[in-house]
Each structure stands twice: as structure tokens, then as C-alpha cells.
Amino acid sequence: MAKKETPLTALSKALADAVEKAAASTVTVDARRRFPASGIAYAKDLILTASHVVERDEDIKVILPDGSQVEASLVGRDPGSDLALLRIEDAEAAPAEKTEGEIRPGQVALAIGRPSTEGVQASLGIVSAVGGPTRMRRGGVLEGHIRTDAIPYPGFSGGPLIDDAGRILGINTSGLGHGNSIAIPVEIAWKIAGTLEKHGSIKRGYLGIRSQPVDIPENALKALGREQASGLLLVGIEDDSPASEANLMVGDILVGFNSQAIESADELFSLLSGEVVGSPTPIEVLRGGKLETLKVTLTERAEQPRGRKRKRRMAWGFGDPHHRGRGFSYGRGKGRKTSFRMRHPHHGIGYGCFSLDDDDLNDE
Amino acid sequence: MSKSGSLFTPYLNGTVETVRRGLAVVQGRRFSAGAGIIWDENGVVLTNNHVLGRQNPIVTLSDKRQFEARILARDAEVDLAILKIEADALAPLTIGDSTNMRVGEITFAIGHPWGQLGAVTFGIISRLTHAQTRGPRGVVPIMRTDARLAPGNSGGPLINAAGEVIGINTMIIGGDQGMAIPSAVASELIKTVLQQSNKKDDSYYEPKHTPGWGQENVI
């Protein structure tokens, strides 16, 4: 039966072709308790996936698109950006093709996953926003992110977000966005994967300052010699930190790091990783209306202990456990509670209360 | 390309218009209704089994004509029911081939979600998989779509880009994934039923009784 070709059927075919193309380099990653997740073939023997789906460091299985199951070992992981790199043994996967050029809001995006051997899964949406820097839940800061309205079905974490030609736009990490579906742009993900392949981890630098963003005074703008609206006023320097070694002082306005302008703490934070750790790096401050360039040698940030997640139940109030505030405790033992006063962005000031679980009390 | 310069809109309008003419409202229970697909010109209407209650269902066509339908068959195993109405000038839907669908092909779900007649949602085939039935078939193929479904979509068609019926919207999974029975399963059932009812006129075909799908998230 000859079917009539319309733009609709052409679109349908194009989307199915895109899914098929991306599916060839989307694999199943089985490394957590409940159900497997997805991964992308970064190179022939390297699989890039989300860090939160690789719960165990050993006994990792990867199921390739052709259905063959192979053992994989962990090359490295970066919980800060929620990426992990695996190496598969005695097998080859088809490396994924990444998109060229700019990712624009409004363009068609498909979320792809392969959480089971039944075949590939997909959902359709658009790129809702391209933004950054983004603060991730486990403390890292990404230079950018893609927000999409494609539904991330269970097991899509670690899978690709693709465009209508089957090229990769980003890697889905639904576990990180605050209830939204966020993808790490492919350029950033590939860069992190390259570092993971070489070093096994991403070094996060430690500077040792407390700061707040301020407008740069007009008289200092001349000394700065470039258009920059704000900088970071240093309000505290940690003892024995790289900042104090470099003679940074309270009252300095930090305006540049590693010859890049700094306007907010997130921007600074996203630069404090990778090669700058351990090597002398120029840091620009405005001191007394003059621009000074100092050398700072970042040390490595102590890794947060990967312990059991603290379970906290909200007893009443609003917001979520991430709105932390100063609180006080009352009661003793099992029924002990911590309550706090907090300001909610939409609801004003209110009181919240967490009841502590038995687990928490055992920790203390 | 149309006068307005829009690439897809005329085709979308055309497809939806055609499908709506072959879409029926099936009132099978006192307080709820689902959708139905006009299958052929003789008045065979396909819907979901869970749309039907104890009485004879009332079928309302797109041109507001109402008929009391006769139930030809109910198959709880695949949650399908086949009705017959004595009507003429029907506009049956084109039935597509659901066996060679691919993940990523675009789909439209047309039905009456929350009572809005003929509402359309758009998505793609997100998964082709199988489901275990509680009956002699054992395993049937199903398709899942990311087009949003809601109560009232039940029994309505899942349409492909060419405007053909490729599935019957049946269930919502996890709140955001729709499940459809492929049209191949339905046409097989209808073929069996029509053969049986041709032999003995006015017969009522019911496959051996099987417990139905779980009723909790049936739409």
C-alpha cells in the first residue's frame, strides 16, 4: 500500500530515525539496586553515565544495544556534576555523535533511555532553557545546563538528550535537577569525561574565602579597565587557606580569576576545578580602588564523606529540607525535634520543623 | 505549503478533522463515558471493556446522532469490547498497521479526557513492549506513548502521522505515560467475533471469562 507522504509522516520518520541512530550508542547500565539505568558510548570502550545510578563500584554490568551483557569497571566518577565513566571489557560500542553548534531553546529534543533489554525508550519535548551556572545537589557547580520538558521516565538517567538528527545535545540527570528534568550539555559532559578518563576524578579546588556580591564602585571601574557590573566582596578569610597564603584581605573585591571576569560566587565556583588546582593561578582583586593581581595556589577540597544520607522528615511547615535555617532543638531521644524559622521565597517567614529519625540520633 | 506558510498545521487540522468524524462517545455506565472507534461502515464500534457497565451502552456520533448499541463481545483479557450500532452514513477510521511501528514515531491521542469532546494530545511512541495478561493469550504486545491521557480517553484511538489508528488508548502508567493496545490485537479479535456472529445470527460472543486488568489505573 503506497502511503501518502506529508510533512507529518516525514517528521514522524525523521524522529524515529533519530531515535534509532541514538539507540545504537545508548546502553543499559546495571549498577544499582532497584532497576537499571542508561548510559552513552563515549568511546569504543568507554561508557558515560550518571554518577547516581552507579551505586556500587564493582559488579557493574553493561548491556549493549545488541543485547550482549558485558562486565564494566569504574574509570572514575564526579559526584559534583553527577557523571561517571565506565570501561567495558572485550566489547565495542558505537561511539555517540555529538551535536555541533549552538543549542537553542525551542529546538526539538528527545530523551532516550534503555533501562531494560526490551529495547529503547524515548520521549519527546523541546529544549525549554539553556542556562547556567547551575548549583548541583551534591555541591558541584556546572557551567551550564539544558532544561527540557521531555519526560524523564524511570531509568532514563545517564541516557542522552538528542536533537532531531539523532546527535547528542546532553546527558540526562533527572536525579539532580530540583524536580525538573535537567541535562548536562554535551560539551561540558565530554570535557568532564575526558578528565575522568585521564585522572579518574575531577579536582575541586579550595580557596578559603567568604564573600558577597557587590556592585563595583565607579572610581574603581576605571582602574579595572573593563565593563563589569559586580564583583565579590571578601567578608572573611579562612586561616591557613590558599586565600590567606596569597595575602587576600577582607575588604578586597574579587573581580577576576585565571584571567576570567568573576561577577558571582557561582561563576567563581565553576572555575575552581580541573587544572587550576595545585598550580599558581592569577587572581584579580580591587584593593583601595586599585587593581592588583595576586598568585594563588588552590588546594584540593576535602571530599564530602559519602555516608548514609540523613533522613529527615518534615513535620509541618513549608518548603523542603533544602531550605535550611537556624534552628533550635527540643525534646530528648527519639522524639527530639529541630524547628527553625525561615524565609520562603514565596510564602514569607514561617516555621518549619524536622523530626529526627533514629538513624540521625545514632550518628550523634 | 499552505497560504499561511505553515508547514504542519494544514495536515494536523486535516488529520484531526478526519479522525473526529470517526470518533464516538460511549456511555457505558451511569456517570462516566469513554471514547469509541467506528471500525467499519456496518456499525461496528470498538471501545474498552472497562468503559462498559451493566446496561446497553449509548453511542453518540460526531454528528450528535445517538444509538443504543448491542454488545457483540467483551474481552476483559485485553480490555476490549465490540459494539454494533444500526446506523448508516458512518465515517469509519482507517486502521493502520501497528506491527511495524518504531520508537519515536509521532502519535496523536484523540478522545474525551475529563469530558472534553474530541480533545487531542500529541506525543511519540515511547516504548514498544509486552504485557502479561491474565488469560489464554499470555503475553500481548502493547505500545506506550508520552502523549498525555486522562480519564475519558479510554477506548479512543492512538493515531499515527498518516492519520491511521494504530492503537486503542487504555491505561495511564505512572501518571505520565499512556498505554495503548495495538490495532493488530483489536482487528484479530474483531475478525474472530464477526466470523462467529455471521454463523449464528444475533449471537453474543464472549471469550471464556477472564478477570480483567487491575481497575486502579484504568482510564
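This is a predicted model: local features need pLDDT of at least 70, side-chain atom pairs count only at pLDDT 80 or more; totals for chains, interfaces and linings use all residues.

What is chain B built from? You've got 2 helices and 13 strands in there. Chain B runs to 219 residues, and buried ones make up 47% of them.

Now, how confident is the predictor here? For chain B the mean pLDDT comes out at 86, with 88% of the residues at 70 or more. If we go element by element in chain B, helix α2, residues 183-199, has the lowest confidence, with a mean of 85, while strand β11, residues 157-159, has the highest, at 96. Then there's the stretch 208-219 of chain B, where pLDDT is below 50. That stretch still has 24 contacts in the model beyond near neighbours in sequence.

Okay, on to where the chains meet. Chain A puts 23 residues into the contact, and chain B puts in 22. Which elements of chain A give two or more residues to that side? Those are α1, residues 7-23, and β8, residues 121-131. The most comes from α1 of chain A, with 10 residues. As for what the side of chain A that touches chain B is made of, we're looking at 13 nonpolar residues, 6 polar and 4 charged.

And the overall scores, before I hand over: ipTM is 0.84 and pTM is 0.75 for the model.

Note on methods: Residues are numbered from 1 along each chain as its sequence is written. Chains are lettered from A and ligands numbered from 1 in the order in which they are written. Two residues are in contact if their C-beta atoms, placed from the backbone, lie within 7 Å. Helices (H or I, at least four residues) and strands (E, at least two) are DSSP runs, numbered from the N terminus. Ala, Val, Leu, Ile, Met, Phe, Trp, Tyr, Cys and Pro count as nonpolar, Asp, Glu, Lys and Arg as charged, and the others, Gly among them, as polar. A residue is buried if 20 or more other C-beta atoms lie within 10 Å of its own, exposed if 12 or fewer, and partly exposed in between; C-beta atoms are placed from the backbone. pLDDT is the predictor's confidence in each residue, from 0 to 100.
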